[in-house]
Amino acid sequence: MPITTLSTPILTPLVVLVAWSMVMWLWMYITRLPAMKAANMKPDPNAPSGEQMSTLPANVRWKADNYNHLMEQPTVFYAIVLALALLGQGDGINLTLAWAYVGIRIVHSLLQALVNKIEVRFVLFFLSSLALIGLTINALRVVFA
């Protein structure tokens with residue numbers, strides 16, 4: 001089947017996580033720009049990476065931290081979901097695991113952006129990682145069957 005006509009349910013959670021990443025990007029700038037203005041901050045290209053932003057209030061930085069987190073492990077999620085879709089394995093338990101991963105990551109984002117309880121975030125990250133490991137094992141089973 002040509003990829004242009006590929007349709008599989010597992011692509012929906014992938015698109016939802018991309019959309020959520022854009023929500024976090026917007027939230028980051030909606031909070032960061034006014035905080036920078038209130039601090040009379042002028043971006044300095046010569047300042048070490050992150051130095052200026054570290055002076056902003058923690059509740060402002062949490063959104064940027066979470067956006068950065070959404071650019072890390074979820075890239076593995078995108079790759080494995082696309083692999084499963086191409087392998088024709090985008091339904092059943094894989095679809096459930098994909099939705100679990102996305103749901104947990106959204107809850108993780110909200111928790112980090114609003115209250116940033118690290119212990120709870122760790123549990124959520126661990127649970128989302130288990131879903132990702134499950135997806136990976138399922139793809140390996142198909143590839144090496």
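With a relative accessibility of 2%, Ser-21 counts as buried (under 20% relative accessible area; over 50% is exposed and in between partly exposed, with a 1.4 Å probe and protein chains only). The model is predicted, so local features need pLDDT of at least 70 and side-chain atom pairs count only at pLDDT 80 or more, while totals for chains, interfaces and linings use all residues. Residues are numbered from 1 along each chain as its sequence is written, and side-chain values use heavy atoms, with hydrogens and water left out.

Ser-21 belongs to helix H1, which covers residues 11-38 (helices, H or I, are DSSP runs of at least four residues and strands, E, of at least two, numbered from the N terminus). Leaving aside residues up to four places away in sequence, Ser-21 touches Tyr-67, Leu-70, Met-71 and Tyr-78 (contact means heavy atoms within 4.5 Å).

The wider setting is as follows. The chain contains five helices and zero strands, and its pattern along the sequence reads α-α-α-α-α. Its C-alpha trace spans about 60 × 35 × 25 Å along the principal axes. Of the 145 residues in the chain, 38% are buried. Among contacts between residues at least 6 apart in sequence, 80% join residues at least 24 apart.

Ser-21 also takes part in the packing of H1 on H2. The axes of H1 and helix H2 (residues 58-69) come within 8 Å and cross at roughly 150° (axes are lines fitted to C-alpha atoms, for helices over the stretch in contact, with angles from 0 to 180 degrees between N-to-C directions). H1 is therefore roughly antiparallel to H2 (over 145 degrees; under 35 is roughly parallel, 65 to 115 roughly perpendicular and the rest oblique). Residues of H1 in this contact are Ser-21, Met-22, Met-24, Trp-25, Trp-27, Met-28, Thr-31, Arg-32 and Ala-35, and they meet Val-60, Lys-63, Ala-64, Asn-66 and Tyr-67 of H2. By class, nine are nonpolar, three polar and two charged (Ala, Val, Leu, Ile, Met, Phe, Trp, Tyr, Cys and Pro are nonpolar, Asp, Glu, Lys and Arg charged, and the others, Gly among them, polar).

From H3, the contact involves Pro-74, Phe-77 and Leu-84; from H4, Asn-94, Ala-98, Tyr-101, Val-102 and Arg-105. This contact has six nonpolar residues, one polar and one charged.

Aromatic rings feature here too, with three aromatic pairs in the structure (rings of Phe, Tyr and Trp, the last by its six-membered ring, pair with centres within 6.5 Å; planes under 30 degrees apart are stacked, over 60 edge-to-face and the rest tilted). Phe-77 and Tyr-101 form a stacked pair, at 4.6 Å centre to centre and 15° between the planes. Since Phe-77 lies in helix H3 and Tyr-101 in helix H4, the pair ties together parts that are 24 residues apart in sequence. Phe-77 is buried, with a relative accessible area of 0%, and Tyr-101 is buried with a value of 0%. Ring pairs link Phe-77, Tyr-78 and Tyr-101 into a cluster; Tyr-78 is also one of the residues touched by Ser-21.

Helix H5 (residues 118-143) contributes Asn-138, which is buried at a relative accessible area of 15%. Not counting residues up to four places away in sequence, Asn-138 touches Leu-84, Ile-93, Asn-94 and Leu-97.
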